[in-house]
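Thanks, everyone. Let's walk through one model together. Please bring up the sequence and the structure.

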Amino acid sequence: LYTAVMIAYSLRYKSELVTGIAAILGVVTIELSSVSLFDLTAILLLTVFVVVCCTRFGWFYLGLFGALATYAVHLQWQFPFSPELYSTPFWGSLFLLGGYWLLYLVPAFFAAPKSETEGTLLQGINLVNVGSMVIALVHLSATQDLRFATMLILGALYVGWATLANKRDLRTSYLTFSTFAAGLLIAAMAFRFTGDTLALTWLLESELLLALGLLQREKYFRLLGYIGLGLSLGVLVVFGGSAGTFAVFAAVLYSNRILGTRLLREEGKQNDVAATDLFTYAAAFLAASALWKWVELEHLAPAWALFGVFVLAIGIKAGINHVRYQGYALLYLAATTMLSLLVRTKGETLVWQALVVAGVLYSTSCLIRWVYGKARIDQDESLIRHGYTHFGTLLVTVLIFKVFPDLWIAPATLAFAALLTEVEKRWPNVQLRAQVYATAFVGFASFSLKYLGPGELVQPAVVRWIAAVLV
């Protein structure tokens with residue numbers, strides 16, 4: 001009663017400092033005794049007074065202090081220092097928390113900040129309000145299902161507040177409440193789902209945020225969507241995932257870049273393009289990992305090669321440099337994997353796989369050459385095209401050494417060199433001509449080392465390694 005009289009008297013001076021001192025004395029008075037439901041009811045009445053002053057006079061420092069003090073006293077009652085004192089009634093605590101929460105929402109709709117500092121203080125009030133509410137409700141909820149439902153309901157309520165703020169043309173409150181809603185709805189899923197299901201759920205929510213930002217042309221919502229995508233990818237990295245989940249993520253991330261950014265009609269969308277470009281690298285990694293989980297090791301290189309051509313074709317068709325670079329990288333990954341398998345295993349079991357990879361490399365080289373002049377591609381990519389032909393020739397040469405008997409290695413290598421010669425006549429190329437010379441040299445060297453002079457003393461395995469190095 002004494003505190004109420006002092007606070008009412010302080011309003012005569014219309015001073016935020018004097019009224020704040022009165023409010024501090026009121027809180028200290030309650031703290032001097034053990035906090036009970038009666039004391040918390042007094043805190044609720046004090047909250048009404050603080051909110052009225054904050055809204056009417058623009059005393060945002062008082063509002064921020066009031067929010068901190070209110071929830072501090074309540075949480076002290078809900079989290080007593082001595083465990084034996086813990087006897088928090090659920091419905092009583094829920095009623096008080098609901099009262100605090102609703103009261104501290106009032107300034108967001110009716111207070112008018114006159115400066116950037118006052119706007120920051122108002123956001124601080126909103127942040128303390130939602131943060132303390134979440135801590136108290138999660139502690140009150142006895143089970144994970146109840147926590148999931150609590151967070152879901154609170155997130156849905158903030159969606160409603162955000163909608164109301166948008167109708168009242170309160171942009172700052174609209175963005176703040178939208179952020180709280182997105183965070184609460186994303187956090188709620190962690191109380192119900194784990195692993196792949198959690199990652200896919202967060203992916204769905206992130207895509208909804210991106211779609212909302214796309215429809216309303218709101219950059220902030222798209223930023224929230226990108227943050228959600230990062231969180232869902234983090235779940236996959238930490239907890240792992242199935243091949244199907246990896247494939248879904250890869251498809252969605254590529255679609256965001258190819259389709260989503262094309263639907264943006266506003267200027268200054270470079271940030272969205274940069275973000276989606278970054279996520280396409282994650283998509284390429286996830287797709288390659290999905291194939292690694294799905295396909296047997298001996299078929300992995302052809303699978304990566306075919307997927308690399310697919311990604312490369314998309315990058316060329318859509319004119320997206322980063323996607324095209326990922327296609328190049330996947331093809332080189334397939335080539336090096338195939339070469340490693342050929343060296344470490346018997347070649348007889350990998351004949352068609354090596355031929356498929358080599359054929360894909362040669363075909364890709366022709367594809368890159370064909371699109372010159374029809375798409376904007378750097379001239380440096382001629383080096384990549386020549387690299388593919390070199391890798392293809394190397395794979396076929398190593399395959400010959402692995403599959404054919406020693407007697408037939410030299411004839412087979414020379415026959416392959418003759419085939420390359422005919423191809424070079426059809427499409428003149430210095431790099432291809434160099435491969436003809438190298439392959440022919442390997443064939444003659446193999447024949448000489450095997451049948452002429454001291455070469456008869458050299459073991460066949462050593463001959464194969466020398467030939468591989470010469471290629």
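Start with two tyrosines. Tyrosine 71 is buried, and tyrosine 104 is buried too. Buried means under 20% relative accessible area, exposed means over 50%, and partly exposed is in between, with a 1.4 Å probe and protein chains only.

Some ground rules before I go on. This is a predicted model, in which local features need pLDDT of at least 70 and side-chain atom pairs count only at pLDDT 80 or more, while totals for chains, interfaces and linings use all residues. Residues are numbered from 1 along each chain as its sequence is written, and side-chain values use heavy atoms, with hydrogens and water left out.

A pair of aromatic rings is described by the distance of the centres and the angle of the planes. Here is the rule: rings of Phe, Tyr and Trp (its six-membered ring) pair if their centres lie within 6.5 Å; planes under 30 degrees apart are stacked, over 60 edge-to-face, and the rest tilted. The count by this rule is 14 aromatic pairs. Tyrosine 71 and tyrosine 104 make one that is tilted, 6.5 Å centre to centre with 35 degrees between the planes. What does this pair tie together? Tyrosine 71 sits in helix α4 (residues 60-78), and tyrosine 104 in the loop between α5 (90-103) and α6 (106-110), so the pair ties together parts that are 33 residues apart in sequence. Ring pairs also link Trp101, Phe109, Tyr158, Trp161, Phe177 and Phe180 into a cluster.

Now the whole chain. It has 20 helices and zero strands. Those are DSSP runs, numbered from the N terminus: helices are H or I with at least four residues, strands are E with at least two. Of the 471 residues, 46% count as buried. The chain exposes about 24300 Å², and carbon and sulfur atoms supply 69% of that. Those areas come from the Shrake-Rupley method with a 1.4 Å probe; for residues, only the protein chains shown count as cover. Next, contacts, meaning heavy atoms within 4.5 Å. Among contacts between residues at least 6 apart in sequence, 69% join residues at least 24 apart.

On to the core. A nonpolar core is a set of buried Ala, Val, Leu, Ile, Met, Phe, Trp, Tyr and Cys residues joined through side-chain atoms within 4.5 Å. The largest has 117 residues, and Tyr158, Phe177 and Met338 have the most contacts inside it. Another core lies apart from it, with seven residues, among them Ala358, Val396, Ile400 and Phe416.

Look at methionine 338. Beyond its neighbours within four places in sequence, methionine 338 contacts Ala301, Leu350, Gln353, Ala354, Val357 and Leu395. Leucine 300 is 38 residues from methionine 338 in sequence, and their C-alpha atoms are 8.4 Å apart. Leucine 300 lies in helix α14 (residues 300-318). It counts as buried because its relative accessibility is 3%. Leaving out residues up to four places away in sequence, leucine 300 touches Leu291, Trp292 and Val295.

Threonine 150 is in helix α8 (residues 144-167). At 18% relative accessibility, threonine 150 counts as buried. Threonine 245 is in helix α12 (residues 243-263). Threonine 245 is buried as well, at 4%. Its side chain joins that of serine 242 in a polar contact of 3.0 Å. That term means a pair of N or O atoms within 3.5 Å; within protein, one must be able to donate a hydrogen and the other to accept it, and residues adjacent in sequence count only if both atoms are side-chain atoms.

What about disulfides? A search of the whole structure finds zero. The cut-off is a pair of cysteine sulfur atoms within 2.5 Å. Cysteine 53 is buried, with a relative accessible area of 2%. Cysteine 54 is buried too, at 1%.

Last stop, a backbone point. Phi of aspartate 169 is near 60 degrees, a positive value in a residue other than glycine. Aspartate 169 lies in the loop between α8 and α9 (171-190). Is aspartate 169 buried or exposed? Exposed, with a relative accessible area of 67%.
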